[in-house]
Amino acid sequence: MPRSFTELTDKHPCFGQHSAQTGRIHLPVCPGCNISCRFCERSINQTENRPGVAACVLKPEETVPLIRKALEIAPEITVAGIAGPGDTLATDNAIKTFRIVKREFPSLIKCMSTNGLLLSERAEELIELGIDSLTVTVNAVDPEIEAQLNDYVIYHGKKIEGVEGAKILIKNQLEGIRKIASAGITVKVNTVLVPRINGKHIADIAYAVAEAGAEKYNIIPLIPQAKLKNEPAPSCLDIDEARRAAGKYIELFLHCSRCRADAIGIPGKTDVSRQVYSLFPREMNFKENFSHG
Ligand code: CLF
Ligand code: SF4
């Protein structure tokens, strides 16, 4: 049985009402992505603190010594999360890694984050695997708006651009959320807030994802970069308005720290990832296998 919403509220740093007391280890096992968000700049480096960044990409089996060491240094870690640096369903790496985590560290909560393009077709696998919490990034439920945030999807080997790609993405996200939520797995939705594009659309997103079964909603202010580098970052007022609009339909998560894909520690409080990674040989870093998918 997946962990209940109440247990996650207590033990998962991204599902509680207050700032986190527990930690997570992100396992950067997913290099490639199958969509093309216009604000995305994936990168392999040690310095930037934001999603899409990791110091290296690991093979699934390499995560075991890493988790072991991380738990020694930061025993407050309760969650093993996989959030990139690419998409978790674009390859099988995340699913393989969760199978290993389940066997080696059964007490850790298994948390996955995805863009949702393949969620509907892989939902049964995730349910059978026993993930405890799932985050889907849904930036619009109107294809015309989504097409301004994402250039294309690569779906079953075909590149589908603009509104047509956006329709497939949104349909699969909502269908996937419905399947996962109806299996009793807690679903959170993240939305990257780009005021000029989806600022007035947040209530529609919150309504649609809550109706599909999501229980928690997190508004992530845009970090202006890549093709949206000239968009202004949301102001406090923009964020406040978006939260008020969404809060009518779904419970909000208010303490997101826009983590890197290899962060280790309590979000927003401690990050011991450099300390943990420094204990491992550089070969762990398999940049030669890195691919943008
Ligand atoms: Fe990681 Fe995301 Fe799981 Fe948390 S992060 S996969 S749900 S364990 Fe949390 Fe970090 Fe915000 Fe994500 S603070 S970026 S919401
Ligand atoms: Fe980047 Fe994530 Fe969008 Fe893929 S889903 S393009 S990794 S932000």
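How many nonpolar, polar and charged residues does the shell around ligand 1 have? By class, this shell has eight nonpolar, six polar and three charged residues; Ala, Val, Leu, Ile, Met, Phe, Trp, Tyr, Cys and Pro count as nonpolar, Asp, Glu, Lys and Arg as charged, and the others, Gly among them, as polar. The structure is a predicted model, in which local features need pLDDT of at least 70 and side-chain atom pairs count only at pLDDT 80 or more, while totals for chains, interfaces and linings use all residues. Residues are numbered from 1 along each chain as its sequence is written, chains are lettered from A and ligands numbered from 1 in the order in which they are written, and side-chain values use heavy atoms, with hydrogens and water left out.

Of the 17 residues around ligand 1, Cys 14, His 26, Cys 111, Cys 256 and Cys 259 come nearest (a residue is near a molecule if one of its heavy atoms lies within 4 Å of it). Strands S1 and S6 (109-114) are the elements that give two or more residues to this shell; helices (H or I, at least four residues) and strands (E, at least two) are DSSP runs, numbered from the N terminus. Ligand 2 is surrounded by Cys 33, Ile 35, Cys 37, Phe 39, Cys 40, Arg 42, Pro 85, Gly 86 and Asn 115. Its shell divides into six nonpolar, two polar and one charged residue. Pro 85 is found in the loop between S5 and helix H3 (93-104), and a cis peptide bond with omega of about 10° joins Gly 84 to Pro 85.

Eight strands form an open sheet of mixed pairing, in the order S12-S11-S10-S7-S6-S5-S1-S13; two strands pair if DSSP finds at least two bridges between them. Strands S12 (251-252) and S13 (264-265) stand at the edges with a single partner strand each, so one side of each is left without a neighbour in the sheet. Strands S10 (residues 186-193) and S11 (residues 216-221) run parallel and are joined by six bridges. Thr 191 has Ile 219 as its bridge partner in S11.

A search of the whole structure finds one aromatic pair (ring centres within 6.5 Å; planes under 30 degrees apart count as stacked, over 60 as edge-to-face and the rest as tilted). Tyr 207 and Tyr 249 form this edge-to-face pair, at 5.4 Å centre to centre and 80° between the planes. Tyr 207 lies in helix H8 (residues 202-212) and Tyr 249 in the loop between helix H9 (236-247) and S12, 42 residues apart.

Terms used:
Rings of Phe, Tyr and Trp (its six-membered ring) pair if their centres lie within 6.5 Å; planes under 30 degrees apart count as stacked, over 60 as edge-to-face and the rest as tilted.
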